[in-house]
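Here are a few notes for when you have the model open.

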Amino acid sequence: MKDNKILFEVENLNLWYGASHALKDVNLKIESNSVTAFIGPSGCGKSTFLRVFNRMNDLIEGVKIQGSIKLNGVDINKDLNPMDLRKQVGMVFQKPNPFPMSIFNNVAYGPRLYKKYSKAEMIEIVEKALTQAALWDEVKDRLDRNGMSLSGGQQQRLCLARTLAVNPEVILMDEPTSALDPISTARIESLITTLKESYTIIIVTHNMQQASRVSDTTAFFLIDENRTGFLVEYGQTNEIFFKPRDKRTEDYISGKFG
Amino acid sequence: MATLRKNNLRKATESGSRAILLLSAMISIIAVFLIIVFILGQALPTLKQVSLKEFFFSTTWYPTQDPPHYGVASFIIASFEVTLIALILAIPVSLSATIYLSQFAKNKLAQILRTSIELLAGIPSIIYGLFGLSAIVPFVRNIFGGNGMSLLSAGIILAIMILPTIINLSEVALSNVSQDLINSSIAMGATKWQTISRIIIPAAMSGIVSSIVLGLGRAIGETTAVLLVGGNAPVFAKRPIDMGRTLTMNIITDMAYATDTHRSALFMTGALLLLVILILNLCVVQISKRKRLEK
Amino acid sequence: MINRNTANDIWIIVIKLLSFLTIFLLALILGYLIFKGLYSSKQTSRTVLNTIESNLDFEVYSSKNSSIKELDWFTLQKMGMGEIKNLRLLTKENVSFELYIEESQISKFASYLNLSEAQLRSHSIKLVNPQEITNYQKESGKILITKKGEKIPNLFKKVKVSDDVLVVNNSVIQTFDNKRITKLDEKQIEKLRNNEISNWSQLNGPDLNALYIPENQINEVGSIEGSYSFAKAISFEKAGNLGITNLETLKVVHIIKGINLTLKYIISPAEESGKFGGIITIIANTIFLVILTIIIAGPLGIGAAIFLVEYAKKGKWTQFIRTGIDLLAGVPSIIFGLFGLIAFVNFLDFSFSLISGSLTMSLMVLPTIIKTSEEALKSVDKELISGSRALGATKIETIWKVVLPSSSKGILSGIILSIGRTVGETAALIFTLGSSTDLAKNIFSSSRSLSMHIYLIITEGLAINDAFSSALLLIVLVLIINISTRKIMEKGQKKNERQ
């Protein structure tokens with residue numbers, strides 16, 4: 001592993017939806033400026049685990065968490081306000097969902113939550129974010145058009161730009177390309193590789209090839225006989241894919257199930 | 001042979017039934033048509049005696065004088081004022097209740113709120129009138145002076161009456177806002193209020209507007225409740241704490257003894273009311289049609 | 001600049017407060033009306049004060065089920081003089097009045113009332129023998145004068161007689177500074193009795209010294225300004241008869257408390273257009289109205305809903321029909337009233353009657369029935385329908401045998417909602433139903449519904465307590481209707497979930 005600092009430290013994380021034990025004893029560390037992929041069969045809890053990082057699970061009734069997650073040493077559940085956490089940890093969802101407003105206002109939405117900007121400042125922020133999301137050239141002449149008038153791939157990049165505008169440390173991505181065509185998928189994947197120089201990215205994907213293409217580290221989850229998700233193996237991506245230590249990992253990678 | 005006859009009978013029953021059902025469905029639209037025709041029919045003779053200009057713009061309503069005057073302008077203004085007061089009071093409360101129900105609606109308290117709204121909707125208007133007369137009128141008298149019976153009292157009672165109307169439709173609009181949109185906003189660190197005010201309410205705006213328009217329609221058309229608390233003075237009400245008479249109050253008060261032109265003038269008032277409400281309702285239909293097309 | 005978290009907290013508190021205002025309003029309205037409906041407190045003023053000590057040497061009884069609990073001297077005198085033929089002005093019961101006096105008490109009673117025995121006997125009082133009393137039936141309308149200590153059967157109850165008055169010199173009630181006192185409340189009377197008042201201005205009266213005169217010198221009150229005396233009513237009358245002028249009485253504010261809505265009120269028929277009696281006839285008429293309305297609007301509404309769900313094709317025509325239903329739903333009740341007046345009362349010549357009212361109400365509730373029935377029909381399991389068709393049933397047979405039964409709960413709830421609407425409607429019925437308080441004989445009879453009754457009581461200026469008691473009944477009815485609708489919907493939902 002490169003000599004980067006540890007951004008997230010997850011210790012003995014357990015999560016319950018009401019009485020159902022969804023995640024069991026997860027331990028891992030995420031380095032800054034890396035891309036981590038969570039893979040595993042449907043229902044193994046990888047999306048749930050992703051949502052733990054920005055406390056989006058709090059929105060669900062009856063969720064209970066045990067264990068700790070620290071962001072830069074600060075426990076995000078006990079010592080951090082969820083809204084402040086989400087400023088630092090952004091999220092791109094599976095289905096592109098731009099707000100029903102102009103492209104400009106979509107990107108400006110995030111920053112405007114925190115303070116008032118002058119018009120000039122706002123334009124600068126919007127341009128920077130759209131550029132980082134590789135969308136600026138395509139929309140710079142029609143910033144006042146409704147965000148929902150873009151194509152699927154463009155919408156997803158808009159959602160990415162929206163997240164980037166707030167300047168988070170981490171970007172969480174929940175199956176960001178599963179609703180897109182191959183070309184848009186490829187564009188997003190190359191964006192991820194570029195973005196990791198400035199951000200830390202955690203991506204959930206059911207596409208193993210995608211995981212092996214974009215990520216530096218991979219975490220493989222499975223579901224046990226009690227329908228509880230757990231971490232099977234976590235390590236460098238090329239090790240997971242070519243020299244897995246656990247036989248279950250090897251079986252999954254080689255397509256024996258999943 | 002018998003089976004063939006039986007089948008023919010069944011087929012005849014089938015088409016006959018279809019015709020009857022079609023007729024039942026048409027009754028509503030036929031009724032609306034008949035209502036417009038009959039009311040206009042009784043209203044138009046007014047124009048033989050009174051010019052449209054005098055009817056709509058004069059504030060002198062003195063049908064028993066010689067010569068009689070039929071100006072409903074004071075009533076139009078009174079109806080407008082009363083409705084405005086009702087909306088100003090009702091909109092903040094309704095929107096708050098709607099937001100609470102759709103965004104905080106997990107606990108027992110929300111259930112109690114929902115039941116309260118349903119019960120408020122079921123209370124007959126005469127009961128509201130009685131309550132207004134015995135409780136609101138003295139209250140207004142004590143705080144604002146004057147008689148107590150006033151446009152203000154009428155507005156207050158109307159506000160309570162239209163709360164359920166606005167809440168019910170707005171709630172549908174708010175709950176139809178896609179959860180994905182809400183999640184995106186929250187994921188960016190927005191506070192609850194920021195998400196509500198910047199994403200949810202704008203997205204539900206057309207539904208909210210429809211509900212307000214419906215509430216407006218209900219307020220303008222209300223008769224018994226305002227009659228008991230409004231004072232019913234057939235003159236121009238200068239201030240909200242003065243007694244006034246709305247279009248609806250005018251109709252119900254004079255109708256019992258009106259004849260000839262006086263009577264047709266009342267029908268003219270009714271026609272005006274009907275026209276305003278039909279237009280409002282058509283607007284609501286338009287708004288919801290446009291919303292559906294957008295999706 | 002307020003921090004956004006604080007702003008969030010403030011807004012959320014505002015939202016919660018305003019939301020709960022709604023609950024508060026409901027509680028306020030219901031609580032207020034229930035209270036007023038059950039407990040009436042009427043303020044009147046009367047001449048006679050409450051008696052401190054009773055010094056009658058005979059006893060007064062009234063019929064057990066009469067609502068008379070106390071009598072004042074002046075009323076008793078009128079009874080003795082035969083001026084009271086019917087108790088309705090006293091108790092609102094329409095019963096004829098009979099005065100029974102035990103032979104032995106006649107002279108005492110006469111002198112008490114400042115009447116001669118001859119006067120008493122000449123007006124149709126009934127002489128009574130103590131032994132015969134047990135034969136009397138229970139009906140109201142009787143006042144009985146008997147010997148003190150006599151054992152009286154349970155058919156009668158004792159009545160208190162008040163005969164004290166506050167006699168004052170007429171200078172006390174004169175107009176000064178554009179006002180005058182004509183009555184005092186219990187507290188002020190108390191102060192007067194306790195000699196705490198030295199000047200009438202302390203009681204909001206004129207600036208005169210208050211001088212107490214004992215009863216036996218009551219005639220002096222006529223000549224001394226500011227003087228007063230607590231005396232028996234009979235003394236006051238005697239003084240007047242002697243020609244003493246300038247004697248007046250100060251009235252006392254009298255609060256009559258009692259139960260407003262009673263079972264009796266509910267089950268008694270209305271008499272004299274609602275001035276007296278109860279409301280059972282009105283309740284019955286309301287029920288007739290409801291039944292007639294449902295008979296007319298039910299099939300029409302359900303039929304229209306069936307058409308919309310099963311037969312209508314998506315298109316301009318169907319949209320047209322739906323718009324018609326929405327528009328009909330928005331028409332204000334008074335317009336329905338006007339329409340009913342022209343179309344049913346006049347044009348079809350049904351006059352003010354049950355049928356005119358029902359036809360009008362049917363139009364009003366039609367949209368409600370159509371909308372709820374439509375919902376119910378739509379939620380029927382599609383497999384049930386295709387199963388029936390696959391067996392060879394025609395569309396209408398399927399509807400009749402399969403769809404309607406399974407959606408019956410939803411349809412029923414729509415009907416019940418319409419019942420609630422009908423019971424509560426006023427403006428539309430004023431012009432079409434009529435106003436008679438008698439039991440309707442047929443569908444062409446004029447009648448009034450419960451809501452109309454409340455409206456007419458208020459606008460005709462009759463006792464507002466009656467308005468409150470009828471209103472309480474109406475509210476209870478509406479609440480029951482509301483709760484039943486909810487229960488039926490819940491049961492319907494549970495049934496769907498099980499499937």
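**Notes on a few local features**

1. Let's begin with N232 of chain B: its relative accessibility is 17%, so N232(B) counts as buried, the cut-off for buried being under 20%. Bear in mind as you go through these points that this is a predicted model.

2. Now check the backbone of that residue. N232(B) has a phi near 60 degrees, which is a positive value in a residue other than glycine. To find N232(B), go to the loop of chain B that runs between α11 (224–229) and α12 (247–254).

3. R227(A) sits in the loop between β9 (217–223) and β10 (229–236) of chain A. Buried or exposed, then, for R227(A)? R227(A) counts as exposed, because its relative accessibility is 66% and the cut-off for exposed is over 50%.

4. Back in chain B, have a look at the peptide bond between D66(B) and P67(B): it is cis, with omega at about 5 degrees. P67(B) is placed in the loop between β1 (61–62) and β2 (69–70) of chain B.

5. Last stop, helix α6 of chain A, residues 152–164. This helix has 13 residues and reaches 19 Å from its first C-alpha to its last, close to the 18 Å expected at 1.5 Å a residue. Of the 13 residues of α6(A), 12 are buried, so the helix is largely enclosed by the rest of the structure.

Methods:
Residues are numbered from 1 along each chain as its sequence is written. Chains are lettered from A and ligands numbered from 1 in the order in which they are written. This is a predicted model: local features need pLDDT of at least 70, side-chain atom pairs count only at pLDDT 80 or more; totals for chains, interfaces and linings use all residues. Side-chain values use heavy atoms; hydrogens and water are left out. Helices (H or I, at least four residues) and strands (E, at least two) are DSSP runs, numbered from the N terminus. The expected span of a helix is 1.5 Å times one less than its number of residues. Buried means under 20% relative accessible area, exposed over 50%, partly exposed in between (1.4 Å probe, protein chains only).
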